Amino acid sequence: MAFEKVEKIWMNGKLVNWDDAKIHILSHVVHYGSSLFEGIRCYHTKNGPAIFRLKAHTDRLFNSCKIYRMEIPFTKEQINKATLDLIKINKLDECYIRPVVYRGYEQLGVDPTGCPVDVAIAVWRWGKYLGEDAIENGISACVSSWNRMAPNTFPAMAKSGANYMNAQLIKLEAKSHGYVEGIALDVYGYVSEGSGENVFIVRDGALITPPFGASILPGIIRNTVITFASEMGIKVKEENIPREALYIADEVFFTGSAAEITPVNSIDGITIGNGKRGPITFKLQERFFKIVSGEEEDKHHWLTYVK
């Protein structure tokens, strides 16, 4: 999906024009993948644009940087304010938000010591990540031949640019075989996650999702769905999921800030359930979209309004 340019991007505390938001080709991040980032959505509501779970996303960004020993030269409060200001400046009523922290230009080598830690925030209009009709009709997926990283190799709990080289292989393989998305297994052969989404299955009325130990990102929407389910009386189990459990699940869906809550209608050509969005997926979607649109009471204070 092509960018719809906006006026300004925030870089290291300054507003720059979209086309002038550039870095040096010898920046450390270009050669060694040393970036940590977030993907956040701002939704249109009757009370104006509102960012969904801004604090949780910023907390995860700082945690990612902590794992990689990158000290962000701004506070969480400064990052949050900059994000809100940027949406106002660009006059957006809804958008996708991409804060990124990266090692910049000073010297080159695997050792990043001495490279500055730079921060940028961009916002732009972005539709449904997996297709405009995916939320209702679901998508096709396959189990990828590419596994997620083994424990103690790459930290899966950090949302790093380097991890998404693995994700690209999963996505490209899936598309080359005619699927919309791929599902990776972990090093032990259990279900991990999609190229950019967490995975849930529904079996006998309960939600099952892989644990953190399955090399997954601790998703914000994953946590949101778990919270909703507990409030709705739906049992949730975090446990290892064998590959074949995907095929015989009553429902399967992806979660993510980009993907939101997207049903999967088939995996490896095998129809999931009745091949349509299932009732539990629908209930969770309905609750989610009512919250983010401001139609339902935001009792968890997850919406940050852009005023």
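**Salt bridges and a helix pair**

Guide: Lys-55 and Asp-59 sit four residues apart in helix 2 (residues 54–67), so about one helical turn separates them. This is a predicted model, by the way.

Visitor: What do Lys-55 and Asp-59 form?

Guide: A salt bridge, with the closest N and O atoms 2.9 Å apart.

Visitor: Is Lys-55 buried or exposed?

Guide: Exposed. Its relative accessible area is 59%.

Visitor: How many salt bridges in the whole structure?

Guide: The search finds 16. One of them joins Lys-171 and Glu-181, with the closest N and O atoms 3.6 Å apart. Lys-171 lies in helix 5 (residues 163–176) and Glu-181 in strand 9 (residues 181–185), so the pair ties together parts ten residues apart in sequence. Both Lys-171 and Glu-181 are buried.

Visitor: New topic. At what angle do helix 6 and helix 8 cross?

Guide: Roughly 110 degrees, for helix 6 (residues 220–231) and helix 8 (residues 279–292). Their axes come within 10 Å. That makes helix 6 roughly perpendicular to helix 8. The crossing is right-handed.

Visitor: Which residues make the contact?

Guide: Helix 6 contributes Ile-221, Thr-224, Val-225, Phe-228, Ala-229 and Glu-231. Helix 8 brings Leu-284, Arg-287, Phe-288 and Ile-291. They divide into seven nonpolar, one polar and two charged.

Visitor: And what does Arg-287 meet in a salt bridge?

Guide: Glu-296, at 2.6 Å from N to O. Arg-287 is buried, at 14% relative accessible area. Glu-296 is partly exposed, at 26%. Shared partners link Glu-231, Arg-287, Glu-296 and Lys-299 into one salt-bridge network.

Notes. Residues numbered from 1 in each chain as written. Predicted model: local features only at pLDDT ≥ 70, side-chain atom pairs only at ≥ 80, totals over all residues. Heavy atoms only, no water. Axes fitted to C-alpha atoms, helices over the stretch in contact; angles between N-to-C directions. Helix = DSSP H or I, 4+ residues; strand = E, 2+ residues; numbered from the N terminus. Parallel < 35°, antiparallel > 145°, perpendicular 65-115°, else oblique. Left-handed = near helix turned anticlockwise from the far one by under 90°. Contact = heavy atoms within 4.5 Å. Nonpolar A, V, L, I, M, F, W, Y, C, P; charged D, E, K, R; others polar. Salt bridge = Lys/Arg side-chain N within 4 Å of Asp/Glu carboxyl O. Buried < 20%, exposed > 50% of the residue type's maximum accessible area, 1.4 Å probe, protein only.
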